Amino acid sequence: MILRAASRTRQPVRKVRTTAAPHPLRHRLDPARVEEIPFRTGDGVNLALTRVDSGERDRPAVLLLHGHTASADMFLLPETRNLVDVLLDDGYEPWLLDWRGSRRFPYNETGRRYTYDDVALYDIPEAVSRVREHIGDRPLFVVAHCIGSLALSLSMTAGLVPGLAGVVSQGVFLTPKLAGRTSLRMTVAGELLRNRIDHIPVDFRKVGLRSKYTPLFALASRGAACPDPTCQILHNSAWGSGASLFVHENLSDATHDRLAELLGPAPLWILPHLRRIELARTVVRWHDTDHRYRALPPNALDAAARIDTPVLLLSGSENGLWLDSQRLCHEVLAHRRPQLDVSYTEIPGYGHLDTFLGRGAALDVFGHILEFLGERR
Ligand SMILES: [Zn+2]
């Protein structure tokens, strides 16, 4: 499978230029209300924070963290009632972070390398402190999806983001279990290595009919009900892993047709860290000897006692990527750390990404988030 194959070659972390401006956000808000606040992390990476101005200065703030290869756009879909709409209507001030794995950054496709340690150590804590510079002592919540949530769990158990008012974690938190059909992954791995591929693309129009990526798309199309190659590689194959990112019928046609805009190529060089996390069944630090990462716990689950805020674990009942990781996390924490305030809510009929991108997410999912926030604001 590709995780195992890729983990044989450890790639050094290397610095690259990250100065280009991010792709513009796509939304239907009044542009005057959308304030972009660029900042540079302690290790020299340019990131983007976005504040949506509600016109009121006393609202609790909610910071939104996207998944890997997605972006803040996943919370702003113009074609549906999105999470930012719902938060604004319910009296919150939304903030969105594009962390270094965002598809909005041009460097996302050019092979710059990092691990989730960097996201947990630099991106999330620095974004939280920037938000706090603006909001003062108002409550600050975080809603995090997928790898954004996994990295947040490492920041939290390192004590790097203390005093949050509450955290909503979607898909995966401290106890990752990855799905994937082994046979497909084995075949894909051989093709990837033969063709020296370091990213899994999702946009068939960009890579063309005949390219080194053709076998990947061909494999992803096997047994697919939908003819769209981008949809196939995400829905049917999750970047070649054999997992599935959403329940197909939950997406509107408009969202379905712009999946390649919402999700970028997946880098293969992140897989060794993901593989180590998968094997440990918990979030573990990648860097063992580099002293810069000493602030992070070697094993986040073992450090769960440092969590100082209520946590709502969310998952679709049909999550085809992280399976029942959230239910497992709830059980493990209830057993090992009964003093923590951790609850679990399962959304029937939903997969993974559709909990935010789904055409009915405002009705079926966001109410659970508002209820959690409302009890703690
Ligand atoms: Zn489709």
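Threonine 69 is located in the loop that joins strand S3 to helix H2 (83-89), where helices (H or I, at least four residues) and strands (E, at least two) are DSSP runs numbered from the N terminus. The model is a predicted one, in which local features need pLDDT of at least 70 and side-chain atom pairs count only at pLDDT 80 or more, whereas totals for chains, interfaces and linings use all residues. Residues are numbered from 1 along each chain as its sequence is written. Although threonine 69 is not a glycine, its phi is positive, at about 75°. Threonine 69 counts as buried because 24 C-beta neighbours lie inside 10 Å; a residue is buried if 20 or more other C-beta atoms lie within 10 Å of its own, exposed if 12 or fewer, and partly exposed in between, with C-beta atoms placed from the backbone.

Leucine 323 likewise has a positive phi, of about 50°, without being a glycine. This residue belongs to the loop between strand S9 (311-316) and helix H12 (325-336). Leucine 323 is buried, with 20 other C-beta atoms within 10 Å.

A further loop position is threonine 175, between strand S6 (166-170) and helix H5 (182-194). Threonine 175 is buried, as 24 other C-beta atoms lie within 10 Å. When its neighbours within four places in sequence are left aside, threonine 175 is in contact with Arg281, Thr282, Leu301, Ser325, Leu328, Cys329 and Val332; two residues are in contact if their C-beta atoms, placed from the backbone, lie within 7 Å. Between threonine 175 and glutamine 326, a sequence separation of 151 residues corresponds to a C-alpha to C-alpha distance of 7.3 Å.

At the level of the whole protein chain, 15 helices and 10 strands are assigned. The chain has 377 residues, of which 53% count as buried. Of the contacts with a separation of 6 or more, 77% are between residues 24 or more positions apart.

Eight strands form an open sheet in the order S1-S2-S4-S3-S5-S6-S9-S10, and the pairing is mixed. Strand S1 (34-40) and strand S10 (342-347) stand at the edges with a single partner strand each, so one side of each is left without a neighbour in the sheet. On average, neighbouring strands of this sheet are turned by 20° against each other, direction ignored; axes are lines fitted to C-alpha atoms, for helices over the stretch in contact, and angles run from 0 to 180 degrees between N-to-C directions. Within the sheet, strand S3 (residues 61-65) pairs with strand S5 (residues 140-145) in the parallel sense over 5 bridges, two strands being paired if DSSP finds at least two bridges between them. Leucine 65 stands opposite alanine 144 in S5.

Helix H4 lies across S3, S5 and S6 and runs at about 130° to S5. The axes of helix H3 (residues 116-135) and helix H4 (residues 147-157) come within 8 Å, crossing at roughly 80°. H3 and H4 are therefore roughly perpendicular to each other; angles under 35 degrees count as roughly parallel, over 145 as roughly antiparallel, 65 to 115 as roughly perpendicular and the rest as oblique. On the H3 side, the contact is made by Tyr116, Val119, Ala120, Ile124 and Pro125, and on the H4 side by Ile147, Leu150, Ala151, Leu152, Leu154 and Ser155. By class, this contact has 10 nonpolar, 1 polar and no charged residues, where Ala, Val, Leu, Ile, Met, Phe, Trp, Tyr, Cys and Pro count as nonpolar, Asp, Glu, Lys and Arg as charged, and the others, Gly among them, as polar.

Helices H7 and H8 pack at an angle of about 70°, and their axes are 8 Å apart. H7 and H8 are therefore roughly perpendicular to each other. In this pair, Leu216, Phe217, Ala220 and Ser221 of H7 meet Pro229, Gln232, Ile233 and Asn236 of H8. The contact of H7 with H8 has 5 nonpolar, 3 polar and no charged residues.

Helix H8 (residues 229-236) has 8 of its 8 residues buried, so it is largely enclosed by the rest of the structure. The elements that cover its buried residues include helix H6 (204-207), helix H7 (214-221), helix H9 (253-257) and helix H10 (259-262). Just after H8, alanine 238 adopts a positive phi of about 45°.
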